[in-house]
Amino acid sequence: MDPVRSFVQHMRPIIIIDGAHLKGTFKGTMFLAVGMDANNQILPIAYGIGKTESGEEWIWFMSKLKECIGENPSLLIISDRAASIDLAIRTVFPLAYHCVCCRHLLMSLGLNGKAQNDMWWATCKAYTVNDFKHHLNILVKHRPDVLQTLNHIPPEKWTRAFAQCNRYNYMTSNSAESVNALSVQARKLPITKVLDFFTDVTQRWYFERRQAAEKNKNFLTPWAESKIFRRIRKCRSWTVAGINGSAFNVDDGKRRCVVDMQNHSCECRIWQLSGLPCCHAISASTFLKESDCSQWAVHWFRSEVHRATYAESVYPVPDLLNWEIPEDFSKIATPHMNKRQAGRPPENKRIPSKGEDSRSRECFRCHAIGHTRDRCRRPLSSEVGSSSRSIKQTNFVNSENFRQYIIENAMSTTQNSQKFEYNLKDF
């Protein structure tokens, strides 16, 4: 429960969920929910095992997750466009804001090439409505067919400009898919070993990140510091004009934006949606002769919050020999998979042992390698005549029976030798 407490108390209210198939003896689906810490690192919050990615199974997993984290009206959930996930979120977390992964939507639209991909991401990541309309018009000019799909998806689910909740600049479900990629080999093991794998990973990450957080003496985490440092270098030549004690007009050479330092807002909306001060806010902070603009970042990115996230320790599951099993413990029945998994079933080929060589097939009639006696083309002794007569048969070699000529001359005895004649024009 350590990751759950870390999420509830010290992490941004954003959950990224995804599912992955198990490849072991008992097939099924692994459900996964991850969060992002103050240093923009992935932390698995919850994982579960179900039969399939159906609506019923997702509702079960989300219900168990809600029992742990409770209800949060500011909760943001990112996933793909699966109907089963959408049903589960609407049923279990009706107050949460559900947005879709823009990368999955990109693949659904069939956008190809770097130019079209850049147009798509510029449209999704636009902070203002005017910028969104500008980039969308450029995309539609090159691909008019995308509107047929986008018109059926509310823009607040896949854009920053119309987002009704703070997305903290997370537009995809890549974080959950990264953990699924990390567990690709573990998902081939028995289910208990899969759970042990996640316990070991969480234990190692807690230890390593706790040590790194204790060494950091800055006000913000290293990732947040690097983001602000790049913005400071970008806005060194911008001009600032004061409006009142807390409002300033900042000119970046392309547009003018009004910054409200008291309300932590800017007309570019980068400050509100990311949680870190934008270039306009940094320019206003410099205009006020402030030596450090890190104070304008939201508390989620502070080093003290990062240290508190990994303050607890994750202990491994004790060895099976040390388990205390009660006498009235009843064995769990083997799950009944009443529905085959989607996709092409794998080939049931035996996995060779370590150091095992593949065995070649040998014909017991002509002793050639590569076929068996049933498929051998060499005639039987009864077909070529009685061996007592010692009839010598003369065959002609051509391009079709040249392989047979080599085999028989290499393997045949003097008693069963045949005479071959050849003509070079046949080759």
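Over the ring of which residue does the charged end of K66 sit? The ring is that of F93, and the charged end of K66 sits 5.9 Å from its centre.

## Basis of the model

This is a predicted model, in which local features need pLDDT of at least 70, side-chain atom pairs count only at pLDDT 80 or more, and totals for chains, interfaces and linings use all residues. Residues are numbered from 1 along each chain as its sequence is written, and side-chain values use heavy atoms, with hydrogens and water left out.

## Charges over rings

A charge sits over a ring if NZ of Lys or CZ of Arg is within 6 Å of the ring centre and within 35 degrees of the ring normal. Besides K66 over F93, R12 has its charged end over the ring of Y168, at 5.6 Å from the centre of that ring.

## Aromatic pairs

The structure holds 12 aromatic pairs. Rings of Phe, Tyr and Trp (its six-membered ring) pair if their centres lie within 6.5 Å; planes under 30 degrees apart count as stacked, over 60 as edge-to-face and the rest as tilted. One of the pairs is Y47 with F198, which is stacked, at 4.6 Å centre to centre and 25 degrees between the planes. Y47 belongs to strand 3 (residues 42–50) and F198 to helix 9 (residues 191–215), so this pair ties together parts that are 151 residues apart in sequence. Helices (H or I, at least four residues) and strands (E, at least two) are DSSP runs, numbered from the N terminus. Y47 is partly exposed, with a relative accessible area of 28%, whereas F198 is buried at 2%. Here buried means under 20% relative accessible area, exposed over 50%, and partly exposed in between (1.4 Å probe, protein chains only).

F248 and F287 form an edge-to-face pair, with 5.7 Å centre to centre and 70 degrees between the planes. F248 lies in strand 7 (residues 247–251) and F287 in helix 12, so the two link parts that are 39 residues apart in sequence. F248 is buried, with a relative accessible area of 2%, while F287 is partly exposed at 40%. W120, F132, W158 and F162 form one aromatic cluster.

## Strands and sheets

Two strands pair if DSSP finds at least two bridges between them. Strand 4 (residues 76–79) runs parallel to strand 5, and four bridges join them. I78 stands opposite C99 in strand 5. From strand 5 (residues 97–100), Y97 and C99 point one way and H98 and V100 the other way, and all are buried. I78 also lies 9.9 Å from N174, C-alpha to C-alpha, although the two are 96 residues apart in sequence. N174 lies in helix 8 (residues 174–182) and is partly exposed, at 31% relative accessibility.

An open sheet of four strands has the order 6-7-8-9, with antiparallel pairing. Strand 6 (239–242) and strand 9 (265–266) stand at the edges, each with a single partner strand, so one side of each is left without a neighbour in the sheet. Strands 6 and 7 pair over four bridges, and a hairpin joins them through four residues. The bridge partner of A241 in strand 7 is N249. Strand 8 (residues 256–260) pairs with strand 9 over two bridges, and D260 stands opposite S265 in strand 9.

## Pocket and cavity

On a 1 Å grid over the protein atoms alone, a cavity is a set of points where a 1.4 Å probe fits but cannot get out, and a pocket is an open set with protein on both sides within 12 Å along at least five of seven lines; lining residues have an atom within 4 Å of a point. Grid points are joined across faces, edges and corners, and a volume is the space filled by probe spheres set on the points.

The largest pocket has a volume of about 630 Å³. Its lining has 22 residues, of which Y127, K234, C268, I270 and H280 lie nearest the centre. Helix 5 (113–124), helix 6 (129–142), helix 10 (222–234) and helix 12 (279–287) are the elements that give two or more residues to this lining; helix 10 gives the most, with four. The lining divides into nine nonpolar, three polar and 10 charged residues (Ala, Val, Leu, Ile, Met, Phe, Trp, Tyr, Cys and Pro count as nonpolar, Asp, Glu, Lys and Arg as charged, and the others, Gly among them, as polar).

The count comes to one cavity of 30 Å³ or more. The largest cavity holds about 40 Å³ of space, and its lining residues include L22, F26, R187 and I191. By class, this lining has five nonpolar, two polar and two charged residues.
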